[in-house]
Amino acid sequence: RDIANQITELEVRHRSNLSALQTEQILLALAQDEVERLVKLQAQNLSTDTALNSARSELGQQQLALVSRELDVNSYPARLQILQARRDRDQALLNQAQLAMSRTDIRAPFNAIVSEVSVAAGDRVALGQVLISLFPVENLEIRAHLPSVHIASVKQAIRSGQKLLARVDNRPELEQFTLHRLAGIAAATGIDIYFKIETGSVQLRPGELLPLQLQLPVESGVFAVPYQAIYGNSRIYRVVDERLQAVNVVSAGQVKNSDGSVQVLIRSDEIEPGDRIAITHLPNAISGLKVKANDD
């Protein structure tokens, strides 16, 4: 407001100077005429030196007054620009303060959970300083590591449009999760897979560990045995004429029975219906070892 009043005052003074400039020019012309008249009278011995000197003094003063008035008129644009620049600078500072004020009210553009608050109310913060860390509740994923042996079957199921589901043990409030993508980079042990958390599920937190059970694609030509029957992850023993006989197998995953027990799924072309498989783990098992079967 102060600068606006100064601009108004400057404009009023400029209009006054323009009007006074014309008057100053008229007075200068009169002073010049008076000096010329006295010079002529003095040449005729009709005027004194004192009167001529006084007229010349008034002429000089009027010339100075005219120069001063012209300076005021000519300096008007520069003085106006100075005031306008000060006004624009103060307006910019005001806008900056209003912007900073508006930014003190932080609103997330999505539904989120605050994971960390780095400042307190009243703290001074710098540009680019982290104030709050948060994550969107609707864009979380569950990441799991899929062993190499299952990658081919999972990819085939995805290509065929099969829906692979997973669930969390002992968490009945959690909905089933759908496998929706594989990681772009694989490791020697397998590949990371990602499950989408559907809206409406119980809210989870990043970094939380969950016992996830993935329902793998349907396998054919496999059968389930207890973990105690597996030796070195790739061998079982069947009982032939009360002696052990080693059979190489390939693990195809695991299956959970209705009673909660877990068995290993294996595949082998050497196993036939009716074969008896040793399920008691023997530390000294070897082909040809004589054993006695317990029919119970």
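**View 1. Leu 265 sits in strand S12, which covers residues 262-267.** Strands here are DSSP runs of E with at least two residues, helices are runs of H or I with at least four, and both are numbered from the N terminus. The model is predicted, so local features need pLDDT of at least 70 and side-chain atom pairs count only at pLDDT 80 or more, while totals for chains, interfaces and linings use all residues. Residues are numbered from 1 along each chain as its sequence is written, and side-chain values use heavy atoms, with hydrogens and water left out. Leu 265 counts as buried because its relative accessibility is 17%; buried means under 20% relative accessible area, exposed means over 50%, and partly exposed is in between (1.4 Å probe, protein chains only). Look for Ala 252 too: Leu 265 and Ala 252 are 13 residues apart along the chain, yet their C-alpha atoms are separated by 5.2 Å. If you skip neighbours within four places in sequence, the contacts of Leu 265 include Val 222, Phe 223, Ala 224 and Val 250, where contact means heavy atoms within 4.5 Å. Ser 251, Gly 253, Gln 254 and Val 255 are also among the contacts of Leu 265.

**View 2. Arg 238 is a buried residue of strand S9.** With a relative accessible area of 15%, Arg 238 falls in the buried class. Leaving out residues up to four places away in sequence, Arg 238 touches a set that includes Arg 243, Leu 244, Gln 245 and Val 247. Glu 270, Ile 271, Asp 275, Arg 276, Ile 277 and Ala 278 are also among the residues that Arg 238 touches. Pro 283 is 45 residues along the chain from Arg 238, and the two C-alpha atoms are separated by 15 Å.

View 3. You'll find Asn 233 in the loop between strand S8 (223-225) and strand S9 (235-240), and it is exposed, with a relative accessible area of 67%. At 44% relative accessibility, Glu 242 is partly exposed.

**View 4. Gln 129 belongs to the loop between strand S1 (112-117) and strand S2 (132-136).** Its relative accessibility is 38%, so Gln 129 counts as partly exposed. Not counting residues up to four places away in sequence, Gln 129 touches Val 119 and Arg 124. Now trace the chain to Gln 32: Gln 129 and Gln 32 are 97 residues apart in sequence, and their C-alpha atoms are 74 Å apart in space.

**View 5. Helix H1 (residues 2-43) packs with helix H3 (residues 76-102).** Their axes are 10 Å apart and the packing angle is about 165°. That angle makes H1 roughly antiparallel to H3. To read the angle, picture axes as lines fitted to C-alpha atoms, for helices over the stretch in contact, with angles from 0 to 180 degrees between N-to-C directions. Under 35 degrees is roughly parallel, over 145 roughly antiparallel, 65 to 115 roughly perpendicular, and the rest oblique. H1 passes H3 in a left-handed crossing, meaning that the near helix is turned anticlockwise from the far one by less than a right angle (clockwise would be right-handed). On the H1 side, the contact residues include Ile 3, Ile 7, Leu 10 and His 14; on the H3 side, they include Tyr 76, Leu 80, Leu 83 and Asp 90. The residues of this contact of H1 with H3 divide into 6 nonpolar, 3 polar and 6 charged. Ala, Val, Leu, Ile, Met, Phe, Trp, Tyr, Cys and Pro count as nonpolar, Asp, Glu, Lys and Arg as charged, and the others, Gly among them, as polar.

**View 6. H1 also crosses helix H2 (residues 49-74), at roughly 160°.** The axes of H1 and H2 come within 8 Å. The two helices are therefore roughly antiparallel to each other, and their crossing is left-handed. The contact of H1 with H2 comprises 16 nonpolar, 7 polar and 7 charged residues.

**View 7. His 14 is a residue of helix H1.** His 14 is buried, with a relative accessible area of 15%. Setting aside residues up to four places away in sequence, His 14 touches Val 73 and Tyr 76.
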